[in-house]
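Thanks for coming. I will take you through one model this morning, starting with the terms and then going chain by chain.

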Amino acid sequence: MANDVLLRGKDITRRWGGLVAVNKVSIELERNCVHAVIGTNGAGKSTLINLLSGEIPLSDGSVELLGKDVTGWTQPKRARAGLGRSYQRNTIFPSFSVFENCRLAAQAKHQKGWAWWERADRCSVSTDSARDAAHRAGLDKLMDRTAGMISHGQKRQLEIAMCLATDPKVLLLDEPLAGMGAEETERMLAMLDELRPDHAILLVEHDMDAVFRVANQITVMVNGTVIARGDPDFIRNSPEVRVAYLGEGH
Amino acid sequence: MDKSKGIFVALVFMALALYPFVGGGGYGIDIVTKIMIYAILALSLELLVGTTGLVCFGQAAFFGIGAYAAVLFSGEQGAASILWLLPASMLAAAVYALAVGALSLRTRGVYFIMVTLAFAQMAYFVVHDTPLGGGTDGIYLYFRPTLGEKLKFDEPLVMYLFSLGTLVFVFGFLTVLLNSRFGRALAGIRVNEQRMRGTGFTTYPYKLAAFVISGGLAGLGGALFAIKDGFVNPELMSWHLSGAALMMIILGGLGHLRGALIGAFAFLLLQEFFKAEAIFGEFAKHWHLGMGIVIIAAVAVLPRGLVGLPEVLRKRLAGSGGGESRIGGLKSAQGGAK
C-alpha cells in the first residue's frame with residue numbers, strides 16, 4: 001500500500017546556528033490515517049510542521065507531497081498542491097466575518113487575481129467550498145459573525161474550517177484541541193474521524209486521552225529526534241516512552 | 001449601513017458637480033480642482049496603506065513623475081490630446097513603481113517605509129540636479145492638452161469638471177477592485193500575510209500589482225496637476241508631499257476609500273484656513289503650527305479618522321455602550337491563554 005503515502009518527509013533537519021531543533025526526522029503520512037506526534041514542549045513538533053508545510057526552509061532532508069519532490073517549493077505552492085495546515089495560535093482574519101475567512105481561504109484555489117471587475121462574493125466555486133467547509137466544522141450559525149468576536153473554541157473550529165476550505169489532501173494540525181472544553185473536544189474528534197478516510201492527517205497534540213483515542217500511529221519526539229513510533233498500544237507500553245515522556249508525571 | 005455610505009459618496013460627488021454652477025467663484029474653483037487632484041493621490045495611497053497594509057512614504061515620486069511626464073510628453077509644438085497624454089503619464093509612473101516595488105517589497109515594516117522614501121528622494125534629486133526637468137526651476141507646459149476641438153484645458157471650468165470626472169472614475173475603479181478577488185486578497189495580506197501564504201497565496205505578485213496600480217493612479221493625479229498649473233517643479237516629488245498624502249488618509253480614516261476623499265478635503269481646507277491672512281493676519285505664515293495642533297487633536301479624539309466620527313458621536317449619545325464588547329474580548333483572550 002505504498003501508494004497511499006501522501007506526504008513523506010525524509011531525514012528532515014533544521015539547525016538554528018548550533019542548535020538542532022529537528023534532527024533527521026523521517027515521517028510518512030498515509031491516507032485514512034491519523035498520525036499523532038507527541039512530545040514535551042520544545043521537542044520540535046511545531047518546527048516539524050513548519051518544515052513540512054514550507055514555512056521555514058529545511059537545513060537538510062527532503063519532503064515529498066503526493067509523489068512529487070516539493071523540497072524546493074515555497075509554502076504557497078505546497079498549499080495549492082494540497083497541503084493544508086492549521087496553527088497552534090489562532091491565525092484567523094479577526095476583522096473579517098467567519099464566512100469571509102473561509103471564502104478567502106477557498107479563493108486560494110481559484111485566485112483569478114486579474115479578474116478585477118468580478119465581485120469576489122459572486123464566485124460560486126469559492127463561496128460553495130467556503131460554506132461546505134464551515135458546515136463540516138460546525139460553524140453554520142456563525143457565518144455573519146466577526147471572526148475576532150467568537151469564542152476561543154469556535155476560533156479553533158474556524159482554523160480547521162479555513163484549512164478545509166482549500167480542499168487539502170494532507171492536513172497538518174498543530175494542537176487543534178488547545179484550550180477547548182470537553183464538548184468542543186468531542187466535536188473536533190468526531191470531525192477528525194469524518195475526515196480520516198479521504199485525508200492523511202498529522203496531529204500534534206498535548207491532550208493524551210484524545211491522542212490515544214483518535215490516532216492510528218504515534219510518533220514520540222524528544223529534543224528534536226524521534227525516540228519511538230508505533231500504534232497506540234505499542235506506545236503506551238513502551239518503557240522508553242514512559243521514561244522519556246509519559247512517565248514524567250509519576 | 002453600506003447603503004448609507006454609498007449615498008454619502010454620491011452626494012459628495014453631486015455637490016462637487018453642482019458647485020461651479022451655484023456660486024463657486026474663480027478662486028473656489030481653483031482650490032477645489034486642486035483638492036480633487038490631491039484626493040486622487042490620497043486614493044492611490046489608500047490602496048497601498050489602508051487596503052494592503054504597505055506604508056509607502058514615497059507616493060509623491062509617482063505623482064511627480066506623472067506630472068513631469070505630462071509636461072515632457074506634451075512637447076513645444078502644439079496641444080496634445082489628453083486621450084493619450086494621461087495614459088502615457090500614468091504608464092511612466094507605473095513603470096517607475098514597478099522598479100521601486102520590485103525592490104522595496106522585499107523588505108518589511110519600517111524598512112519598507114525607509115526604502116520607498118529613499119527611492120522617492122532619488123527621483124527628487126534626479127529632477128532637482130539634472131537639466132532633464134529644468135533643474136530646481138522646473139519647466140512650463142507650453143500648450144495645455146485638448147479633448148477634441150471644443151474642450152480646452154485652459155478653461156478652469158473644463159479643468160474642474162474633468163478632474164471631478166477623473167476622481168469619480170478612480171473612486172469607482174477602486175471600489176470595484178476592492179470587492180474583487182484581487183482586492184479581497186490584498187485585504188487578507190494586510191490582516192494576516194502569514195495565513196495568506198499558508199493558505200496558498202503567493203503574496204509578492206499581489207503586493208507588486210497593488211504597488212504598480214497605485215503608482216499609475218498617483219501618476220494620473222500628477223499629470224492632471226501639471227495640466228492645471230501649467231508648471232512643474234521638483235517640489236512635486238518632495239517627501240513633504242508624500243507625508244501630506246499619508247496625513248490625508250490617516251486624518252480621513254484608514255481602510256476606507258471615502259476616508260481618503262474626506263481626508264484630502266479636510267487636510268487641504270484646513271491648510272487654506274490656517275494660511276488665510278484675512279483671519280490670522282501676520283500669524284498666517286506660521287500655518288504649520290495650527291495644522292499640527294489640529295491634526296494631533298483629531299488623531300487623539302478620532303483614532304479611526306473622520307470616517308469614525310458618526311460612530312463616536314453615537315456612542316457618546318448612547319452612554320457606555322462600548323464597555324461590554326471590550327469585556328467579551330478580554331474573556332476570549334483569557335481562554336486562549338489556558
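Helices (H or I, at least four residues) and strands (E, at least two) are DSSP runs, numbered from the N terminus. Before the details, some ground rules. This is a predicted model, where local features need pLDDT of at least 70 and side-chain atom pairs count only at pLDDT 80 or more, while totals for chains, interfaces and linings use all residues. Residues are numbered from 1 along each chain as its sequence is written, chains are lettered from A and ligands numbered from 1 in the order in which they are written, and side-chain values use heavy atoms, with hydrogens and water left out.

Chain A, then. Its secondary structure comes to 9 helices and 10 strands. Its C-alpha atoms fill a box of roughly 60 × 40 × 40 Å along the principal axes. The radius of gyration, taken over C-alpha atoms, is compared with a globule rule of 2.2 Å times the number of residues to the power 0.38. For 250 residues a compact globule would come out near 18 Å, and chain A has 18 Å, which agrees. Of the 250 residues, 53% count as buried; buried means under 20% relative accessible area, exposed over 50%, and partly exposed in between, with a 1.4 Å probe and protein chains only.

Now the sheet. In what order do the 4 strands of the open sheet in chain A lie? The order is E2-E1-E4-E5, with antiparallel pairing. Two strands pair if DSSP finds at least two bridges between them. The edges are E2 (19–30) and E5 (68–69), each of which pairs on one side only.

Strand E1 of chain A, residues 5–16, is joined to E2(A) by 8 bridges and to E4(A) by 5 bridges. A:Arg8 has A:Glu28 as its bridge partner in E2(A), and it stands opposite A:Glu64 in E4(A). A:Glu64 in turn stands opposite A:Asp69 in E5(A). Strand E4, residues 60–65, is joined to E5(A) by 2 bridges.

E1(A) and E2(A) form a hairpin with 2 residues between them, and A:Gly17 in the turn has a positive phi of about 60°. Two residues other than glycine also deserve a look. A:Lys24, in strand E2, has a phi near 50°. Is A:Lys24 buried or exposed? It counts as exposed, because its relative accessibility is 60%. A:Asn32, in the loop between E2 and strand E3 (33–39) of chain A, has a positive phi of about 65°. A:Asn32 is partly exposed, at 45%.

On to chain B. Chain B has 14 helices and 4 strands. Its radius of gyration is 21 Å, close to the 20 Å that the rule gives for 338 residues, so chain B is as compact as a globular protein of that length. The box filled by its C-alpha atoms is roughly 75 × 50 × 40 Å, and 50% of the 338 residues count as buried.

Helix H10 of chain B, residues 257–275, has 14 of its 19 residues buried. The expected span of a helix is 1.5 Å times one less than its number of residues. For H10(B) that gives 27 Å, and the end C-alpha atoms are 27 Å apart, which agrees.

One last item is B:Leu161, found in helix H6 (residues 156–179) of chain B. At 35% relative accessibility, B:Leu161 counts as partly exposed.
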